[in-house]
Structures are given as structure tokens and as C-alpha cells.
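The entries follow the structure shown here.

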Amino acid sequence: MKRRLLVLLVVCLLGARAEAHPAESSAVARSQAMGGALVSLADGPAALFLNPAGIVVPANPALYLDYAEPAGVPGGRESRAAFAGGKGNTRGALGWYRFDSESESDNLFAASAAHRLIEGTQGSFLALGASATVAGFSRKGADPGERDSRWMASGDAGIILKPLPVVAFAYSAGNIRDEHYDQTGGDETRRRVQRWGASYFWDDRIVLSFATVRRAGRTTLHYGMAVKTAVPIELLAGFSDGRVTGGARWTGARLGGLIAFAADEDEGVTWTLACEAYLPGRRDGETP
């Protein structure tokens, strides 16, 4: 028990100096639909982009894919792919993220691991996760045809605590390094970010979620809600920093799909499509 508490303390101390993924322009589909309030609900392969502790749920191998064209970004396209698997209380995941626009292209590669330190009754647990990341950036230079490229390595960390069946708490942070990308006299920083969140589960049908995100000295509040219908469809909605978000998620026996949107008064609407696939043997009540 003392060793576990020591590990928990180290992760929290590291998190106090952490930041966001080096390449990040919008959230994964489910987080986008819930207004960014997903840090305490992060699960499956997509969790490595938000809170690596969440890859311990579900228990079986799963694949995640998504695609979006961010509003307000000329020629903007982004996509993600992630796979998670493992045995017992330990799971691993590999992920890739790519963003392209008329002036830049970013790539992020991540390898994550998570472990359930404590597992109680009725689904309660404590999980820790960490990721190693390598990100590459390519920007147009001052002269036509010139491009400036750079690679950097960093890492993420996260924790999820579900002490009771009806509540969950989480903290996550990414990129232990605070990198600056200088180009033609400008300065672009992949800023540090810390996320705190809590969720409330009511009657296994409604989830209310809240999160705070702190980046570059600015804190934003995020609110989300999910409602399960009689058919295997979950309706999602959220609000954050002047943005209204929503979406719908379908979970079948082997495949799942999600469509999400984020509406911004100035930039317009960003739509994200996602697909989830999971192998047989998924525990009852668990979703990718």
C-alpha cells in the first residue's frame, strides 16, 4: 500500500508541471460532443489523447478512428487512430494523430500504459496511466517552398478514481515539456494544460459531467451530459467557453459509431465522425 501511495504522489507531482498534447486542435469525438467535459469519463483507446488512465476500460481489445475538418481553418483536416489491449488490470495502447492545413502539418505518436491499482465492488476502482509521445511539426517558411520542421518528445499522465458507482473523479495532464516552436520571428507554444473533472451517474441512463481546463494561465469551464435511450443510442450535449456541442453515439455488439459537432459563433460548426470496434468478450456495462 505504501508503494502505491508513493506512485500516486509522484504522478500528481509530475502532473502539476504538465501540458497538453503537442498536436491538438480539437477533442476526440465523444469529448467534443460533451463540451470537453470527458476527463473523468475517458475510456477505451481514445483515452490516450485525453487521460491515459482511462484505457483500462473496457477490458478487451478495442480500436478507435475519427476524422474532422475544423471550422475556421483553411484546408484543415485532422484524424486519429488508436488501439488498446492487455490482460488483467494492466492495459497498453498505441495512438496516432495528424493535422493538416494550408500552412502546416502535425503528427503525434503516443504509447500508453495504465493499471488499476485498486478494484472494489460495484465497479469502483483507482487507475493510473501514462503516455510517451513524439510529435512532429512542419510549417511553411518565409520564402515560397520553404518549410521548417521539428520533432519533440514528451509524455502525459492521468488518474481516475471511482469510489462509488454513482461518481467518478479524474485529473490529467500532458506533455511534461513546455516546448516553443520559433518560425520566421514568430513564437508558437504548445501550452501546458491541466484537467480536473467529476461525473455523476444516475440510474445507469444519465451522466452529468464537469471539467475545468487550465492552459496558458487561463481556466475554462466545461459541462456535458449523456442520456441513454431504449435503443443502443446515447445522446450527448455540452457547453464550454461560448461553444454549444452535441452528438449521438451508437454501440453495437462489435462496432460503434459517433457523430459530434461543436458550434462556435465566430468560426462555424465542426463535425467529427468516429468509429469504434471491439473484440468479443466485452464485460456487461462497459463501452469502448
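**Conventions.** I work with a predicted model, in which local features need pLDDT of at least 70, side-chain atom pairs count only at pLDDT 80 or more, and totals for chains, interfaces and linings use all residues. Residues are numbered from 1 along each chain as its sequence is written, and side-chain values use heavy atoms, with hydrogens and water left out.

**Aromatic pairs.** I looked up the ring pairs and found four in the structure; rings of Phe, Tyr and Trp (its six-membered ring) pair if their centres lie within 6.5 Å. Planes under 30 degrees apart count as stacked, over 60 as edge-to-face and the rest as tilted.

I noted that Phe109 and Trp151 are stacked, because their ring centres are 6.4 Å apart and their planes stand at 20°. This pair links distant parts of the chain, 42 residues apart: Phe109 belongs to strand E4 (residues 104-119) and Trp151 to strand E6 (residues 147-164). Strands (E, at least two residues) and helices (H or I, at least four) are DSSP runs, numbered from the N terminus. I then checked accessibility, where buried means under 20% relative accessible area, exposed over 50% and partly exposed in between (1.4 Å probe, protein chains only). Phe109 is partly exposed at 39%, and Trp151 is exposed at 54%.

I next recorded Phe210 and Tyr223, whose centres are 5.4 Å apart with planes at 45°, so this pair is tilted. Phe210 lies in strand E11 (residues 206-215) and Tyr223 in strand E12 (residues 218-228), 13 residues apart. Phe210 is partly exposed at 33%, as is Tyr223 at 40%.

**Charges over rings.** I searched for NZ of Lys or CZ of Arg within 6 Å of a ring centre and within 35 degrees of the ring normal. Arg80 lies over the face of Phe49, 5.7 Å from the ring centre. Lys162 lies over the face of Phe201, 4.4 Å from the ring centre.

**Loop glycine.** I located Gly54 in the loop between helix H2 (29-33) and strand E1 (62-68). Is Gly54 buried or exposed? Gly54 is buried, at 1% relative accessibility. Beyond its neighbours within four places in sequence, Gly54 is in contact (heavy atoms within 4.5 Å) with Ala42, Asp43, Gly44, Ala47 and Ile160. I also noted that Gly54 and Val39, 15 residues apart in sequence, are 8.6 Å apart in space, C-alpha to C-alpha.

Val166 is partly exposed, at 34%.
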